[in-house]
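Hello,

Please find the structure below. My notes on the charged pairs and on one of the helices follow it.

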Amino acid sequence: MHVSDTSAIRCKRVLLVDDHALFRSGMALLVMSHPLVREVQEAGNVVEALTHAGGAVHLVLLDHYMPGVTGINGIKTLRMAFPDAVVAIVSGSTSPQDVALARDNGADGFVAKTTGSHEIQTALSALLRGQRWFSDEIPTTEPWPDARVALTAKQVEVLALLAEGLSNRAIGKRMAVSENTVRSHVSAVLFQLRVNSRAEATVVARRLGLIQ
């Protein structure tokens with residue numbers, strides 16, 4: 001029997017996690033226009049996203065950079081909360097480092113916010129069918145920067161302590177320097193590695209062989 005009701009096609013639920021309400025609203029409209037999507041749920045951060053746990057979610061679209069728990073750090077948390085969902089990072093960045101971070105931390109896809117609506121729809125089609133999807137516009141084969149020469153011995157030491165999860169104050173005590181000095185070293189490390197957080201710096205540093 002022929003079924004004309006579009007609800008027979010629209011069967012997927014998407015959870016959109018982004019701290020920018022205006023972008024989130026626009027993205028929700030775009031996602032909702034996809035023929036497979038029946039419902040879009042929204043959250044402003046990872047903690048708020050967890051309030052949707054227990055419901056059927058097929059795709060989580062997770063903003064890369066958010067206050068508190070970033071998208072990268074939230075991947076594992078959301079996988080536990082939504083075990084049947086595909087999890088993809090949505091980012092304003094198109095750097096190969098960010099793509100690699102997403103891959104290394106278990107993301108199923110990476111969608112750049114700068115891409116057009118047609119490409120985003122293409123990405124949604126793949127992700128909603130359980131396929132991995134990383135934007136073809138992003139040069140994922142570009143080599144990572146080599147920070148070995150740029151980082152000083154003290155900065156590498158700070159980087160190793162960051163990897164242990166120590167705070168600036170704890171690092172300062174360990175190295176017998178002021179907290180302000182540590183803060184300066186951390187800023188230099190983030191700049192040289194072209195990252196925006198301590199967690200990302202650790203991942204990149206390990207990939208480069210700067211720390212174990």
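Accessibility classes first: a residue is buried under 20% relative accessible area, exposed over 50%, and partly exposed in between (1.4 Å probe, protein chains only). This is a predicted model, in which local features need pLDDT of at least 70 and side-chain atom pairs count only at pLDDT 80 or more, whereas totals for chains, interfaces and linings use all residues. Residues are numbered from 1 along each chain as its sequence is written, and side-chain values use heavy atoms, with hydrogens and water left out.

Salt bridges

Side chains of opposite charge can pair when their charged atoms come close. I took a salt bridge to be a side-chain nitrogen of Lys or Arg within 4 Å of a carboxyl oxygen of Asp or Glu. By that rule there are six salt bridges. Helices (H or I, at least four residues) and strands (E, at least two) are DSSP runs, numbered from the N terminus.

Arg13 and Glu39 form one of the bridges, at 2.9 Å from N to O.

The closest N and O atoms of Glu42 and Arg24 are 2.9 Å apart. Here Glu42 is partly exposed at 31%, while Arg24 is buried at 15%.

Arg169 and Glu179 make another salt bridge, with the closest N and O atoms 3.7 Å apart. This pair joins helix α7 (residues 168–175), which contains Arg169, to helix α8 (residues 179–193), which contains Glu179; the two residues are 10 apart in sequence. Arg169 is exposed, with a relative accessible area of 54%, and Glu179 is partly exposed at 32%. Together with Arg183, these two residues form a network of salt bridges.

Helix α5

Helix α5 (residues 117–128) has 12 residues. From first C-alpha to last it reaches 16 Å, close to the 16 Å expected at 1.5 Å a residue, where the expected span is 1.5 Å times one less than the number of residues. Buried residues in α5 include Glu119, Gln121, Leu124 and Leu128. After α5 comes Gly130, with a positive phi near 80°.

Regards
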